[in-house]
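I opened the notebook today to follow up a few residues and their charged partners. The entries below keep the order in which I looked things up.

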Amino acid sequence: MPGWNLTGTAPRAQGASEGDEALSVSQAVEMAASALDALPLLTVIGEVTGFRGPNARSGHCYFQIKDDACAVDCIIWRGSYAKRSFELRDGMQVQFTGNFNLYKATGRMSFVAKSFTLAGEGLLRQQVAALAEKLRLEGLCDDARKRRIPVFCTRVAVVTSLSGAVIDDVKRTLRRRNPLVELICVGAKVQGDGAPAELIEGLQRAAAIDPAPDCILLVRGGGSFEDLMTFNDEALARAVASCPVPVVTGIGHEPDTSICDMVSDRRCSTPTAAAESVAPAMSDLVDVLDARERRMVTALSGTVRAASSDVAALRERADRAFGGYMSRLAMALDAAAARPCLRDPAWMVDRRLADLEQSADRLSGAAAHAQERFEAALARLAPRLSATASNFAVREHELALASSRLGNEGRALLSGLRSELGARAASLDALSPLKVLARGYSIAYGPSGVVTSAADVKPDDELRIRLADGDVRARALSVEKDNGDARPCATRDWR
């Protein structure tokens, strides 16, 4: 049936040349992109490799996912990667869900993942990482907690499978390096169901050996990540950390690291390396002993020489000190022997008598001198006393004159003030209401004070009338006001 092709042109007619069937690159890429877009949503499981992201500018992630036979470019846009529950890294086995996409500018095909989850070993590694972080936060992985392993262990216990090649390697290594080390083997499963419980029991039995071993080797040979999962068990890791005897681990090969390696007191890359770390070679021990012997001889020789020099110096100092001390004692003895009190016992009494006589002579002279000095001073004071007493009459006359002048001045000052005071007292007496009362007048007091108007009194008000020689109590019967000429009068009820 005739129609149009992808380029929008009519199909080639029969008999046309083959050159008319060729497509442009854009046409071919467009056809491939349309074919990829027609594919449904796919779920792909693969290993992450070459992971780069998130990009610093765009936030997108670019990497490849591969299996044993093939690899494909993969892209996770920023929005999809922001919803992640874990960080992607190389080596993880991840299940991606998305579509294939063709970048038309370069014709490069990529798988665009819309979501992703861990799968297989990747999930196990995530669980192991979470357990390792938990134990690290509890401090079980801290170097400060780990115990010191003796440099030369004379008694070593090994916990591993007794049916594998590992135990033979450990025995051979210890016999080769140091046959003096006593090895105690404790068998336990290292893989499969029940292996962690058997290893925990093996550690307990090894720690309970009497006498206790210097350390315990927890070892096994190499294997896959799943084979080594026994040593990522939380209960076994806690048993290693709490073991009363230091534990040395040698699990798998060099790149393998388990939880038990993290919490043990020493981690070695292989079981053979673990055996070598606790049993130094005999030749190394001989070299160490020889070197220490030389160092000890040198140190002792130097100590002896220093001590000899110190002893000689101390002997010289002691001789000088003892000689000086004896010289001082001899001088003190000679000085004591030369004292007069020891040569003549009466010398002290004679000396005290001479001192007493001298003191008596000085006392007599001092007393006579003091008496003469006091008599001379008394003689000088008598004329001064007579001269002072002769002025008493003059001073008495002057005092009498001053007293007379003071009396006259006082009377003169008070006479004017006395006259003024009498005049003012007379004026005050003339203005006194008592004088007016003495002439027959009186003063009426109402409820509000002195009554000066008929309006100040109401009928039935109580009045107090002040006379010259006393008061009269009265009550107003009525109040009559003056018309102008007559004085106001109040009728009184004398009681």
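In which strand is the place of Thr160? I was working with a predicted model, and I found Thr160 in strand β6, which covers residues 155-160.

Next I turned to salt bridges, of which I noted a count of 17. In helix α3 (residues 121-137), Arg136 and Glu133 are three residues apart and so are separated by about one helical turn; their closest N and O atoms are 2.5 Å apart in a salt bridge. I recorded Arg136 as partly exposed at 41% relative accessibility, and Glu133 as partly exposed at 36%.

I also looked up Arg424, which forms a salt bridge with Glu420 at 2.8 Å between the closest N and O atoms. Arg424 is exposed at 58% relative accessible area, whereas Glu420 is partly exposed at 38%.

For the salt bridge between Arg475 and Asp460 I wrote down 3.6 Å, N to O. This pair links distant parts of the chain, with Arg475 in strand β14 (residues 470-480) and Asp460 in the loop between β12 and β13, 15 residues apart.

Last, I noted a surface patch of negative charge where Asp284, Asp287, Asp290 and Glu293 gather; Asp284 itself lies in helix α9 (residues 282-337).

How values were computed
Residues numbered from 1 in each chain as written. Predicted model: local features only at pLDDT ≥ 70, side-chain atom pairs only at ≥ 80, totals over all residues. Heavy atoms only, no water. Helix = DSSP H or I, 4+ residues; strand = E, 2+ residues; numbered from the N terminus. Patch = residues over 30% accessible without salt bridge, like charges linked within 9 Å, V, L, I, M, F, W, Y side chains within 5 Å. Areas by Shrake-Rupley, 256 points an atom, 1.4 Å probe, with all protein chains shown as cover. Salt bridge = Lys/Arg side-chain N within 4 Å of Asp/Glu carboxyl O. Lys, Arg positive; Asp, Glu negative; His and termini not counted. Charge placed at Lys NZ, Arg CZ, Asp CG, Glu CD. Buried < 20%, exposed > 50% of the residue type's maximum accessible area, 1.4 Å probe, protein only.
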